[in-house]
Amino acid sequence: MASLRRLLLADNQLRGHALDTLLHAAPSLSELDARGNCLTSVPPLPPLLDTALLGRNNIAVVPPEALGRAAAAVATAALAAGHDPGSQAAAAADAAAASGPPAALTVLDLSDNNLRELPDLAWLGVPGVATLDLRNNDL
């Protein structure tokens, strides 16, 4: 699944652990549609993810590691690339750098969940979000 770009999982019964496993196996993922599942927290997102559609779940919290993992993954790839400039890690670091900010997320849909407070995206390391949907939460 390393080359997978789009993962469409809407309207299933996925829970956090199952989705975490899938996302970990798809580092090149750019689009995730996990609307209408049974998620209670935002899972750790892949480093190159551009669109995360997580509406219609039971999400009550956006943990810092969920969105901040992107920056950490790029930093790790860059460090590994420094040891071997011809490695796959070097290619991953170059691709991540070419995609813009380390956290490439631009669309985040958290509508129809159970959020009680606004996620601080700047603090979470996701400054490039252009669309943030928080409709129908408990804000």
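In which loop does Arg56 lie? Arg56 is placed in the loop between β3 (51-53) and α2, and the paragraphs below set that position within the fold of this predicted model.

The mean pLDDT of the protein chain is 80, and 70% of its residues reach 70 or more.

**Overall fold**

The secondary structure of the protein chain consists of three helices and five strands, and the elements follow one another from the N terminus in the order β-α-β-β-α-α-β-β. The strands form an open sheet of five, ordered β1-β2-β3-β4-β5 and paired in the parallel sense. At its edges stand β1 (6-8) and β5 (131-133), each of which pairs on one side only, and from one strand to the next the twist averages 5 degrees. The pairing of β1 with strand β2 (residues 31-33) is parallel and runs over three bridges; within it, Leu7 has Leu32 of β2 as its bridge partner.

**Core and surface**

The largest nonpolar core holds 24 residues, among which Leu19, Leu32, Val42, Leu45, Leu54, Leu67 and Leu110 touch the most other members. Two or more residues of this core are given by each of the elements α1 (16-24) and α2 (64-83).

Among contacts between residues at least 6 apart in sequence, 49% join residues that are at least 24 apart.

**Individual residues**

| Residue | Relative accessibility | Class |
|---|---|---|
| Asp133 | 14% | buried |
| His17 | 65% | exposed |
| Arg56 | 38% | partly exposed |
| Asp112 | 33% | partly exposed |

Asp133 lies in strand β5, and because its relative accessibility of 14% falls under the 20% limit, Asp133 counts as buried.

His17, by contrast, has its place in helix α1 and counts as exposed because its relative accessibility of 65% is over 50%. Between His17 and Leu39, which are 22 residues apart in sequence, the distance in space is 9.2 Å from C-alpha to C-alpha.

The two remaining residues are described by their backbone angles as well. Most residues other than glycine have a negative phi. Arg56, although it is not a glycine, has a positive phi of about 60 degrees, and its relative accessible area of 38% makes it partly exposed. Asp112 is likewise not a glycine and has a positive phi of about 55 degrees; Asp112 is found in the loop between β4 (107-109) and β5, where it is partly exposed with a relative accessible area of 33%.

Terms used: Residues are numbered from 1 along each chain as its sequence is written. This is a predicted model: local features need pLDDT of at least 70, side-chain atom pairs count only at pLDDT 80 or more; totals for chains, interfaces and linings use all residues. Side-chain values use heavy atoms; hydrogens and water are left out. A nonpolar core is a set of buried Ala, Val, Leu, Ile, Met, Phe, Trp, Tyr and Cys residues joined through side-chain atoms within 4.5 Å. Buried means under 20% relative accessible area, exposed over 50%, partly exposed in between (1.4 Å probe, protein chains only). Helices (H or I, at least four residues) and strands (E, at least two) are DSSP runs, numbered from the N terminus. Two strands pair if DSSP finds at least two bridges between them. Axes are lines fitted to C-alpha atoms, for helices over the stretch in contact, and angles run from 0 to 180 degrees between N-to-C directions. Contact means heavy atoms within 4.5 Å. pLDDT is the predictor's confidence in each residue, from 0 to 100.
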